[in-house]
Amino acid sequence: MNKENELDVRSIAPVKKHPTIFEWFDKLLSGESFILVNDHDPKALYYQFQAERPGVFSWDYVEEGPETWRVRIDRI
């Protein structure tokens with residue numbers, strides 16, 4: 001996975017983070033993925049994915065803090 005497939009939301013305004021992440025996800029084809037980089041555990045985002053995109057994503061922590069979290073989000 002290269003940096004092109006990495007979405008670093010640490011510098012994005014909080015109100016724009018989730019819409020930006022879902023925009024990235026919605027552009028993925030089945031089998032594609034990206035790495036989300038954040039400064040906190042994006043657990044609330046995970047629950048939003050479960051509610052809004054049930055059954056079409058997978059979520060795997062690559063790095064779990066304490067300063068940086070990386071999550072691989074796949075479209076299945």
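**Entry 1: the sheet**

Before I start: two strands count as paired when DSSP finds at least two bridges between them. I am working on a predicted model, and I will keep that in mind throughout. I began with the strands. There are 4 of them in an open sheet, and I read their order as S1-S2-S4-S3, with mixed pairing. S1 and S3 are the edge strands, since each of them pairs on one side only. From one strand to the next, the twist averages 20°. As a reminder to myself, strands of a sheet pair through backbone hydrogen bonds, either parallel or antiparallel.

Next I checked how the helices sit. H1 lies across S1, S2, S3 and S4, and its direction makes an angle of about 165° with S2. H2 lies across S2, S3 and S4, running at about 170° to S3.

**Entry 2**

How many bridges join S3 to S4? I found 7, and the two strands run antiparallel. I then looked up two facing pairs. Tryptophan 59 has isoleucine 73 in S4 as its bridge partner, and tyrosine 61 stands opposite valine 71, also in S4.

The turn took me a bit longer. The hairpin has 4 residues between its strands, and glycine 65 takes a positive phi near 65° there. A cis peptide bond then joins glycine 65 to proline 66, with omega about 10°. Proline 66 itself is in the loop between S3 and S4. I noted both features because most residues other than glycine have a negative phi, and most peptide bonds are trans.

Is threonine 68 buried or exposed? Its relative accessible area is 13%, so I put it down as buried, the cut-off being under 20%. Leaving aside neighbours within four places in sequence, threonine 68 is in contact with Arg10, Val37, Asn38 and Glu63.

With a relative accessible area of 32%, aspartate 8 is partly exposed. Aspartate 8 and threonine 68 are 60 residues apart in sequence, and I read 10 Å between their C-alpha atoms.

**Entry 2: arginine 75**

I followed S4 (residues 69-75) along to arginine 75. Its relative accessible area is 17%, which means that arginine 75 is buried. What does it touch, apart from neighbours within four places in sequence? My list for arginine 75 is Phe25, Asp26, Leu28, Leu29, Ser30, Gly31, Glu32 and Val56.

I turned to the nonpolar residues. In soluble globular proteins, nonpolar side chains tend to be buried together. Here the largest nonpolar core has 14 residues, and Ile21, Phe34, Leu36, Phe49 and Ile73 have the most contacts inside it. Helix H1 (14-27), strand S2 (33-38), helix H2 (43-52), S3 and S4 each supply at least two residues of this core. The largest share, 3 residues, comes from H1.

Leaving aside neighbours within four places in sequence, phenylalanine 49 is in contact with Ile21, Phe22, Phe25, Pro54, Phe57, Trp59 and Ile73.

**Entry 3: the rings**

Last stop was the aromatics. I count 9 aromatic pairs in the structure. In the pair of tyrosine 46 and tyrosine 47, the ring centres are 5.7 Å apart and the planes are at 65°, so I logged the pair as edge-to-face; the cut-off for that is over 60 degrees. Tyrosine 46 is partly exposed at 24% relative accessibility, and tyrosine 47 is likewise partly exposed, at 47%.

Which residues make up the aromatic cluster? I wrote down Phe22, Phe25, Tyr46, Tyr47, Phe49, Phe57, Trp59 and Tyr61. Some of these names were already in my notes: Phe49 is in contact with Phe22, Phe25, Phe57 and Trp59, among others, and Phe25 is one of the contacts of arginine 75.

Conventions:
Residues are numbered from 1 along each chain as its sequence is written. This is a predicted model: local features need pLDDT of at least 70, side-chain atom pairs count only at pLDDT 80 or more; totals for chains, interfaces and linings use all residues. Side-chain values use heavy atoms; hydrogens and water are left out. Buried means under 20% relative accessible area, exposed over 50%, partly exposed in between (1.4 Å probe, protein chains only). Contact means heavy atoms within 4.5 Å. A nonpolar core is a set of buried Ala, Val, Leu, Ile, Met, Phe, Trp, Tyr and Cys residues joined through side-chain atoms within 4.5 Å. Rings of Phe, Tyr and Trp (its six-membered ring) pair if their centres lie within 6.5 Å; planes under 30 degrees apart count as stacked, over 60 as edge-to-face and the rest as tilted. Axes are lines fitted to C-alpha atoms, for helices over the stretch in contact, and angles run from 0 to 180 degrees between N-to-C directions.
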